[in-house]
Amino acid sequence: MRSLIHPRRLRYVLAAVLTLVAILAACAQPAPGPAPAAEGIPADAAAVIAERGLTPDDVYSAVKTYMPTGQYDPYIMFASGGQGGQVLVIGVPSMRILRLIGVFTPEPWQGYGYGGASDKVLEEGYVDGRELEWGDTHHPGLSETNGEYDGQFVFINDKANARLAVIDLRDFDTKQIVKTPNAINDHGGTFVTPNTEYVIEGPQYAAPIGYEYASLDDYQEKYRGLITFWKFDRAKGRVDPSQSFQIELPPYWQDLCDAGKGPSEGWIFCNSLNTELATGGVELGNPPFEAGTAKNDTDYLHIFDWKKAEAAFKGGKAETINGMAVIRLQTAIDEGILHFTPEPKSPHGSDVTPGGEFVVVGGKLDPHVTVYSIDKIKAAIEAGGFDADVYGVPVIPLDKSMEAQVELGLGPLHTVFDDKGYAYTSLFLDSAVARWTLGGPYAGKNPDEPWKLIQKLPVHYNIGHIAAAEGDTASPDGQYVVALNKWSIDRFANVGPLLPQNLQLIDVTRTGDQMKLLYDLPIGMAEPHYAQIIKADKLKPFEVYPEVGWNPDTMTLDPNAITDLTQARVERNGKNVEVWMAVVRSHFTPERVEIKKGDHVIWHLTNIERTRDATHGFALSGYNINLSLEPGETQTIEFDADMAGTFTYFCTEFCSALHLEMAGYFLVEP
Amino acid sequence: MKSIYAVDSDVKVLLPDGSARRLMDYLVPSALLMFAALLLMASTFMPYWSMTLSAPQYPEGLRVDVYINHLEGDVREIDALNHYLGMPKLDEGGRLERSISAVAILALGLLLMAGVFVHNQWAAVLAIPALAFPVVFLADLWIILYTYGHSIDPESPLGSAIEPFTPPLFGPGSIGQFGTVASPGPGLILAFAATGVVLIGLWFHRAAYKPIVDARNKVKASTPQAARA
């Protein structure tokens, strides 16, 4: 019998079929990348080194900070902008400025405060209805989960007017400004509890609660400090004033604060600088504040039990003043919420170590940093039996709270930490960064003896704050520290008598006295006070808004969005004219909007692009309107057409080869 | 391995002339035709043809994937760019084809399967649509591309600066600052693979069933006329 199918033959046939199918699975191999730079210095680079007289240290710094085009920095720094009222976003170690974020000050490049939804954000921050056009941003605070930056939000305070802003890191946009009730200035904020339950804003210059009028003769009785615990609603991305509360404090000019973590979780530490109750009046023959506030040898470190404060607030023990829950000072004392312990006079930083065991306070006028132990503080509070200050707040004696003092030099201000058991303190008067060793559980993480100054690295000049990579978290990264210097004097080409600030990058990768100054970043548009540095890969911002018609204010689709050109239109309803405008390279639809003087105009604009960086601007001449419409974004502007005439609108962001042609006419008939 | 090919090797198929054949001879063509139908249907879930576009300002490039029934990829962006040239939107070409394609592929597959039950040369006729399908697809695509490149609106911003053109069916091309590369997708490769499987299947089909037809003819020829009446 003849058989058609020999098993062997069939095997080949099936193999052929399977091979065809297998072709599908084949994928292109990635092309090999360029070879890494050869070891040794190429001749042309050596020529540059010789010509510019660069030292080996300079060459190391250059290479360490150089980012070739298209390579990203491993760290992102959020720096406050001081009187600029902004936040700056800077890549580390390249020190390239990546973004400015408008916060308390209108900022035209990003269309912040020139007609869109951001107008309402700025409006929320008006003080008793009075428009404010600037702020004094001081201390950015990144949101945290389990004591680690989570890259979701950054908070920033306005020292000048006691306000707080929330920036959403999905689009690096300011979403909320809240005016802090009852306070007219602040300083010790923002900082967050380890899971961002609260964003905390500490006070500065004392004033009567609600900043009502009171004579300075009544300073002791009527003036007060106020610390604000803003409850943060992470899902909404907003602070919730109805769940927030304040604590009344003596008028001691509280300064910087920090939240405990680990063993100190549930505690907040703030220092103060005017326990003397100085009221100034140098023109009357009184000591000026600078002397009056520095008379006593010590001020008070404020120790808050915020869990107890929260319980008191929820237990109805707060009084509502101007719509805000305020825990009165006497309640805070009675409920065991507040304790003091002496600290070197006129201190600045109050910084909790990564593990939460210690609080480090730098006294500006004392060459030491003083280190407090949370275990000792807790034991002392447990034991009780203290004297009280004039307001009745129990004071833990220094010998019952202090762990160590380390002599660093002149003007210690602010301390940050690394992963190797070192602390870094800014020395304002010495213009230096001090590296010193922590003790306790940190001893042995480096070869150096605990509680000891290791190195003082000169910086240029008058360093204020200092920031470290992931420095305020439970697990700092080390590697980089940035000195935020107030003066630059001779560091840069002269650009007139107003000089840039100087942010200096320091390499802290090596132990011992091997800190190295790497690179300067002049900041000529703001005065950064404090900064926080986050690992770049923790940030997951949008590349473009998730859908066409996205409203960045609500972070949802806008009901007035349009998704393509065919939906663009103008509708009139009596005196109301409503425009739905599509914005795409390289035209607006419609290109003519013709109305009558006195009409009320509601103008919805949607950038229908889906391509990264295809941002369009929308400027309406004469009407003080300028929007930045990022891909997918919808904005609405609303105004009365009270000027007749011929006006033009055009794209302010160079979007395409035919960008100049991206324009239209707005005709207002008299 | 051998056992797979020797399924029910003790079972024989008895032909009308008394000769016997192995059961496997009949299972194999059926399996191949069904497998081909399966490949065709699977191909609808994969792109048939893709074009990538690269330009300096698109470091990751743009891409459109043409499936049998829809387009995927950066269609919106390519359309937005093409408005400068006054070219029609990508999804305007081949609308009818895309709307019926899923049903058509199902029909092609069913015809192939029907061939399993047709035990003569008509099985090959049933397979013709499936065999022709990938070639028809490419011919249609070429017409769409030709129409596309020859529908430039002279009123568009750059319409007057561009000569009518036909984007290449496969391989590199260029338009403006964009370099393009067109390539077949896994769907098309599957469809071609299906034609190969169909051809092999038909060969086995013929090898299996032609002896039956021949045996019948042989029996018919040897049977007296009266007995059959």
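Which residues in α2(B) meet which residues in α4(B)? The points below lead to the reply.

1. Basis of the note. This is a predicted model, in which local features need pLDDT of at least 70 and side-chain atom pairs count only at pLDDT 80 or more, while totals for chains, interfaces and linings use all residues. Residues are numbered from 1 along each chain as its sequence is written, and chains are lettered from A and ligands numbered from 1 in the order in which they are written.

2. Chain A overall. Nine helices and 46 strands make up the secondary structure of chain A; helices (H or I, at least four residues) and strands (E, at least two) are DSSP runs, numbered from the N terminus. The C-alpha trace of chain A spans about 100 × 80 × 70 Å along its principal axes. Of the 670 residues in chain A, 49% are buried (20 or more other C-beta atoms within 10 Å of the residue's own, C-beta atoms being placed from the backbone).

3. A sheet in chain A. Five strands form an open sheet with mixed pairing, in the order β40-β46-β45-β42-β43; two strands pair if DSSP finds at least two bridges between them. The edges are β40 (592-596) and β43 (625-629) of chain A, each with a single partner strand, so one side of each has no neighbour in the sheet. From one strand to the next the twist averages 15 degrees. Five bridges join β42 (residues 616-620) of chain A to β43(A) in the antiparallel sense, and G617(A) has S628(A) in β43(A) as its bridge partner.

4. Helix α4 of chain B. The 23 residues of α4(B) (95-117) reach 34 Å from first C-alpha to last, close to the 33 Å expected at 1.5 Å a residue; the expected span is 1.5 Å times one less than the number of residues. α4(B) bends by about 50 degrees at S101(B) (the angle between axes fitted to the seven residues ending there and the seven starting there).

5. Packing of α4(B). I105(B), L108(B), G109(B), L112(B) and G115(B) are buried in α4(B). Their cover includes α2 (24-43), α5 (122-149) and α6 (186-222) of chain B. The axes of α2(B) and α4(B) come within 8 Å and cross at roughly 175 degrees, which makes the two helices roughly antiparallel (an angle over 145 degrees; axes are lines fitted to C-alpha atoms over the stretch in contact, and angles run from 0 to 180 degrees between N-to-C directions).

6. Reply to the opening question. From α2(B), S30(B), L33(B), M34(B), A36(B), A37(B), L40(B) and M41(B) meet I105(B), L108(B), G109(B), L112(B), M113(B), G115(B) and V116(B) of α4(B); residues are in contact if their C-beta atoms lie within 7 Å.

Key:
A residue is buried if 20 or more other C-beta atoms lie within 10 Å of its own, exposed if 12 or fewer, and partly exposed in between; C-beta atoms are placed from the backbone. Two residues are in contact if their C-beta atoms, placed from the backbone, lie within 7 Å. Angles under 35 degrees count as roughly parallel, over 145 as roughly antiparallel, 65 to 115 as roughly perpendicular and the rest as oblique.
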